[in-house]
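Subject: A structure for you to look at

Hi there,

Here is the structure I promised to pass on to you. Please open it first, and then read my notes alongside it.

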Amino acid sequence: MYRFHPSIRWTGGYPNQQQIVSQITTLWKRYGLEPKTHFNTPVEKVYKDDQGRWIINDPSLGRYDGIIAAVGTCGDNKMPHIPGQEKFKGEIYHSSQLTGKQAKGKKMVIIGGGASAVEALEFASHEEAKKTVILARSDKWIIPRNPVVNMLLSFNIFGGETIFSWIPELLLKKFFYRDLQDLAPSEKGLFTGTPMVNSDVMDKIRSGQAEWLRGDILGFTETGIKFNHRGKGVPANGPGREKVIEADIVVMATGFDRPSLNFLPEDSFGEPY
């Protein structure tokens, strides 16, 4: 996991959140970082003193030889307002708010087609939801959670889409998507973005436990989501078939705002930043 502490061992090829947090907490305590950590401390500004040492907010927090802005890529929840949302009689949550929620026997609609949507689908399956429908504006690549397959895909030394990328894309459609090739992107290459890694999505769709629909959200009704179901290759907001997707729970898998780095000095953003 870390070069200075390489003895981390996972129980499987893809550790879950609980395993990752547990290992990080163990390292944090083992290396005595607990008394050196300040929680609940918003960073408003960062600047240097006369000796070139860094000060965070004010000198009361100490002076440092260096700083690392590890703010990540996820900030506040993105919760778009959808027309008619106020009259919906069910529950509405962001995908990050599902811990502890009850979904057994309920119909769940997930708005979004990215990694957060797949995680929400896993939550629905674990909680034994009656039916789950994912409503996605566009198609995204999904690859199996298989170390061999993932390793072979990572051998793309060019780091992006090439004239040979059609080969792994064709193989994925034939052997992984199989009867669900309609869900595979037709105008977006595998290496033009970050594919989602999940082996269970296709099985859930095939079994009828879940449904994945491409289209546009038109608004809420009292009992669900009014949706424009588009065919493959039809652009966003293009022609489709309108339907109402019934729901007891609507999950907004709509991502997060990117955290700001405005607390850093202006000269931190020079080229080639």
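A residue is called buried under 20% relative accessible area, exposed over 50%, and partly exposed in between, using a 1.4 Å probe and protein chains only. Please keep in mind that this is a predicted model: local features need pLDDT of at least 70, side-chain atom pairs count only at pLDDT 80 or more, and totals for chains, interfaces and linings use all residues. Residues are numbered from 1 along each chain as its sequence is written, and side-chain values use heavy atoms, with hydrogens and water left out.

Let's begin with one residue. Ser199 has a relative accessible area of 26%, so it counts as partly exposed. Ser199 sits in the loop between strand S8 (196–197) and helix H5 (201–207); helices (H or I, at least four residues) and strands (E, at least two) are DSSP runs, numbered from the N terminus. Which residues does Ser199 contact, leaving aside its neighbours within four places in sequence? They are Pro144, Arg145 and Phe176, where contact means heavy atoms within 4.5 Å. A polar atom of the Ser199 side chain lies 2.5 Å from the backbone nitrogen of Arg145. The C-alpha atoms of Ser199 and Ile142 are 8.4 Å apart, although 57 residues separate the two along the chain.

Next, the strands. Strands of a sheet pair through backbone hydrogen bonds, either parallel or antiparallel. Here, two strands pair if DSSP finds at least two bridges between them. S1 is joined to S2 (residues 54–56) by three bridges, and Lys48 has Trp54 in S2 as its bridge partner.

Now find strand S12 (residues 249–252). In a regular strand the side chains alternate between the two faces of the sheet. Are the faces of S12 covered or open? Both are covered, with Ile249 and Val251 buried on one side and Val250 and Met252 buried on the other. Strand S4 (residues 91–94) runs parallel to S12 and is joined to it by four bridges; His94 stands opposite Met252. Four bridges also join S12 to strand S5 (residues 107–111), again in parallel, and Val109 is partnered with Val250.

On a 1 Å grid over the protein atoms alone, a cavity is a set of points where a 1.4 Å probe fits but cannot get out, and a pocket is an open set with protein on both sides within 12 Å along at least five of seven lines; lining residues have an atom within 4 Å of a point. Grid points are joined across faces, edges and corners, and a volume is the space filled by probe spheres set on the points.

There is one cavity of 30 Å³ or more. The largest cavity has a volume of about 40 Å³ and is lined by Asp139, Lys140, Ile142, Leu183 and Trp212.

The largest pocket has a volume of about 1,000 Å³. Of its 23 lining residues, the closest to its centre are Asn16, Gln17, Glu119, Glu122 and Arg145. Helix H2 gives the largest share of this lining, seven residues.

The second largest pocket holds about 730 Å³ of space. Among its 17 lining residues, Val43, Ile56, Ile67, Ile68 and Ala70 are the closest to its centre.

Enjoy exploring!

How values were computed. A polar contact is a pair of N or O atoms within 3.5 Å; within protein, one must be able to donate a hydrogen and the other to accept it, and residues adjacent in sequence count only if both atoms are side-chain atoms.
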